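Colleague: I would like to go through this model with you, one question at a time.

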Amino acid sequence: MKIGITCYPTYGGSGVIATELGKELAIRGHEVHFISYALPFRLSHYIENIFFHEVEISSYPLFEFPLYSLTLASKMSEVAEFEKLDLLHVHYAIPHAASAFLAKEMLKKNKELKIITTLHGTDITLVGLEPSFLPLVKFSIEKSDGVTAVSRFLREKTITNYSCENEINVIPNFVDSDLFKPNNCDEFRKSVAPNGEKILVHTSNFRIVKRVADTIRIFEKVQKKIPSKLVLVGDGPDRSECERLCRQLDLYDKVRFLGKQDGLVEILASSDLFLIPSQSESFGLAALEAMSCGLPVISSSVGGLPELVRHNETGYIAEIGDIERMAKYSIELFTNEKKYKLFSEAARERAVNKFDKNKVVPQYEDYYKKILGT
Ligand code: GMT
């Protein structure tokens, strides 16, 4: 198949999934055309069958605001026509699904371009609900030829919040379990925890919904009982506030803010426990990557997290904001070696058996065939 993919190319779960999907599809012999304003960050080296089409943004003085959605629509129709795309798969509804609809309409006379929209999270649960976006999100979902959501939770939310009547297929996030695998990288561990401390880790874009401050408060309780360190990977609007909190709690020498990191596998594989106390999480790709490295996960009970984390098996789940309980669960795992080992193995096993790329990417291929009627 000849497949167009549009996503946000910067850090963020939807961009990661879109890029990894494109890479896998290319390996499986499909021709993949990424269409976005920048090269997706996980697409840094040449791969046969993958093409990138940059959307240029006009800076004409009359346009006080960049007209990205419109230039994207033009680029989508141009690429679809000249590269003879079979379908366009857009990730994150806003504005990608609306631009895709425009592109489809522009091409209508010459070719029928199928549009598949994958809903990822805040496009549905947060920003999409704003009154200025809601009618457009509903419209673009309804105009898509196929719609997928990354969890059952997100499918239900879409149906309830937007009264959509389309069939929404659930295809979960996936991980490359050959890459994200347990592997004690001594160098990182020695540098962060030279005295054999336990390492707790959290990776996110430091937005309010991630509740990174809860992560720090959980750690504050854990380190009182267990010699430990906290590693925070990523960057975003809440980071400065979190750094302040660490100083206030006198934790600064026990918490490492690493910022955005390319070597995520090494960091996860050298750590002991993953914390994800989010306020909203439609799936929790970061937790899946950690599980694949053999890390038990302590999470909040929101969104799609309970579809990923098995309570009392691959980790523990607690109510949003229940810092006390999440700390208690962490301490329990660190003080019971046998339980820790069982949880670690179960986490890895669940990632491999349910969410490996080889299990999930074929679900997308089958869905494409269904939508194309082939
Ligand atoms: O909202 C974000 O944190 C980024 C967002 C995205 O679309 O880039 O992440 C969402 O999509 C990921 C990939 O499907 C999911 O794993 C995340 O759970 C989801 N984030 C939220 O729902 C908050």
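This is a predicted model: local features need pLDDT of at least 70, side-chain atom pairs count only at pLDDT 80 or more; totals for chains, interfaces and linings use all residues.

Colleague: How far is an oxygen atom of the ligand from an N or O atom in the side chain of H120?

Modeller: Polar contacts here are pairs of N or O atoms within 3.5 Å. A ligand oxygen lies 3.3 Å from an N or O atom in the side chain of N205, and a ligand oxygen lies 3.0 Å from a polar backbone atom of L285. For the side chain of H120, the distance is 2.6 Å.

Colleague: Which strands stand at the edges of the open sheet, each with a single partner strand?

Modeller: Six strands form the sheet, with parallel pairing, in the order β10-β9-β8-β11-β12-β13. One side of each edge strand is left without a neighbour in the sheet, because each has a single partner. The edge strands are β10 (255-259) and β13 (315-318).

Colleague: What is the bridge partner of L200 in β11?

Modeller: β8 (residues 198-203) pairs with β11 (residues 273-276) in the parallel sense, over two bridges. In β11, the partner of L200 is L273.

Colleague: What angle does the direction of helix α13 make with that of β13?

Modeller: Helix α13 (residues 323-335) packs on the sheet and touches β8, β11, β12 (297-300) and β13. Its buried residues include I323, M326 and F334, and their cover includes α8 (212-225) and α14 (337-355). The angle between α13 and β13 is about 165 degrees.

Definitions and conventions
Residues are numbered from 1 along each chain as its sequence is written. Side-chain values use heavy atoms; hydrogens and water are left out. Two strands pair if DSSP finds at least two bridges between them. Helices (H or I, at least four residues) and strands (E, at least two) are DSSP runs, numbered from the N terminus. Contact means heavy atoms within 4.5 Å. Axes are lines fitted to C-alpha atoms, for helices over the stretch in contact, and angles run from 0 to 180 degrees between N-to-C directions. Buried means under 20% relative accessible area, exposed over 50%, partly exposed in between (1.4 Å probe, protein chains only). A polar contact is a pair of N or O atoms within 3.5 Å; within protein, one must be able to donate a hydrogen and the other to accept it, and residues adjacent in sequence count only if both atoms are side-chain atoms.
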